[in-house]
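Dear colleague,

I am handing over the structure below, and after it you will find notes on side-chain contacts. Please read them with the structure open beside you.

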Amino acid sequence: MDFLNALVALANFVFIPAIAYGSQLALGALGVTLIYGILRFSNFAHGDTMAIGTMFTILVTWGLQALGVSFGPLPTALLAIPFGIVLTSLLVLGTDRLVYRFYREQKAKPVILVIVSMGVMFIYNGLTRLIIGPGDQNFADGERFLISARDFKTITGLDEGLALKSTQAITVVVAILVVALLFWVLNHTRTGKSMRAYSDNEDLALLSGINPERVVMVTWIIVAALAVVAGTLYGLDKSFKPFTYFQILLPIFASAIVGGLGSPLGAIAGGFIIAFSEVGITYAWKKVLAYMLPESLEPSGLVQLLSTDYKFAVSFVILIIVLLFRPTGLFKGKSV
């Protein structure tokens, strides 16, 4: 029974949260890797694109809730996501036309576009705080838990309870559907094949008759959709606060680089590597070890390698190690 209690505790505090968090990071990293692979620059505004896209979704969610519209046991925000995607797509396409397009036509070096994206990041961040405020915003509704710790204890008779939040299950299901749709688009549609050809060899793609402006437009729309979905899922699962999305830019970039910039499959793998590393290293293992070890060997301390306040330091250390020893990432993407 102690072994089962240890497994339940591990699932409750490490495995399930890391799966949900990894799904959110993977969706965010996919947006970063698409921009890097196709438009050839690191988009530092991606975190705040997630923030402003989530803000649009929240505003529409509040509007739907005010009209009495709900999605039953599911969050109303899921109904608002398409509206958030449309608004965010218009925003990023307008930004591309007004800002990035000029530098693209001038054949500016990638580092210039990186600096420009940092300026866009601050503008997006300021707009988000100005419109919705800098504090936490609650927009979650519907059922909170699929199963509560108390119900699990009653059903199984174990001392340790397992709680599965509905937002965690929704995150995983939506992430699987979105990733499957993205890979289908990239591999089985003419637009997706054009994007891949443009990413592999821009000059050859242009000679083949591929319209670069169409590729750029579709790329931004896909990135906007990924940003809105990732940001909304993160906000539902945890909370929405504009500055938080600026902070998660580090683990998102770490995910993309660990997997291999430019590799969609690498972005997904990197997201889960970073998530499990952050959650595992900042988890206090005392409870699990207490179940597994004899009473005489039970630890007196928390057995926590790092406080949760320093979880982003884990991403930073992993990022540095990968940049030093394998800059192309696990799936041999483009060198950083």
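**Side-chain contacts**

The charged end of Lys311 sits over the ring of Tyr21, at 5.3 Å from the ring centre; a charge is said to sit over a ring if NZ of Lys or CZ of Arg is within 6 Å of the ring centre and within 35 degrees of the ring normal. Please bear in mind that this is a predicted model, in which local features need pLDDT of at least 70 and side-chain atom pairs count only at pLDDT 80 or more, while totals for chains, interfaces and linings use all residues. Residues are numbered from 1 along each chain as its sequence is written, and side-chain values use heavy atoms, with hydrogens and water left out.

Turning to salt bridges (a side-chain nitrogen of Lys or Arg within 4 Å of a carboxyl oxygen of Asp or Glu), the count comes to 6. One of them joins Glu202 to Arg40, with the closest N and O atoms 3.7 Å apart. Glu202 belongs to helix 8 (residues 202-207) and Arg40 to the loop between helix 1 (2-39) and helix 2 (46-66), so this pair ties together parts that are 162 residues apart in sequence; helices here are DSSP runs of H or I with at least four residues, numbered from the N terminus. Glu202 is partly exposed at 24% relative accessible area, and Arg40 is partly exposed at 27%, where buried means under 20%, exposed over 50% and partly exposed in between (1.4 Å probe, protein chains only).

Asp96, which is buried at 6%, forms a salt bridge with Arg104 in which the closest N and O atoms are 2.8 Å apart. Asp237 and Lys238 meet in another at 3.0 Å, N to O, and here Asp237 is buried at 7% whereas Lys238 is partly exposed at 37%. These two residues are also linked with Lys165 in a network of salt bridges.

The structure also holds 10 aromatic pairs, meaning rings of Phe, Tyr and Trp (its six-membered ring) with centres within 6.5 Å, counted as stacked when the planes are under 30 degrees apart, edge-to-face when over 60 and tilted otherwise. Among them is the tilted pair of Phe44 and Phe253, at 5.1 Å centre to centre and 40 degrees between the planes. This pair links distant parts of the chain, with Phe44 in the loop between helix 1 and helix 2 and Phe253 in helix 11 (residues 249-259), 209 residues apart. Phe44 is partly exposed at 28%, while Phe253 is buried at 8%. Separately, Phe13, Tyr283 and Trp285 form one aromatic cluster.

Technical notes:
Helices (H or I, at least four residues) and strands (E, at least two) are DSSP runs, numbered from the N terminus.
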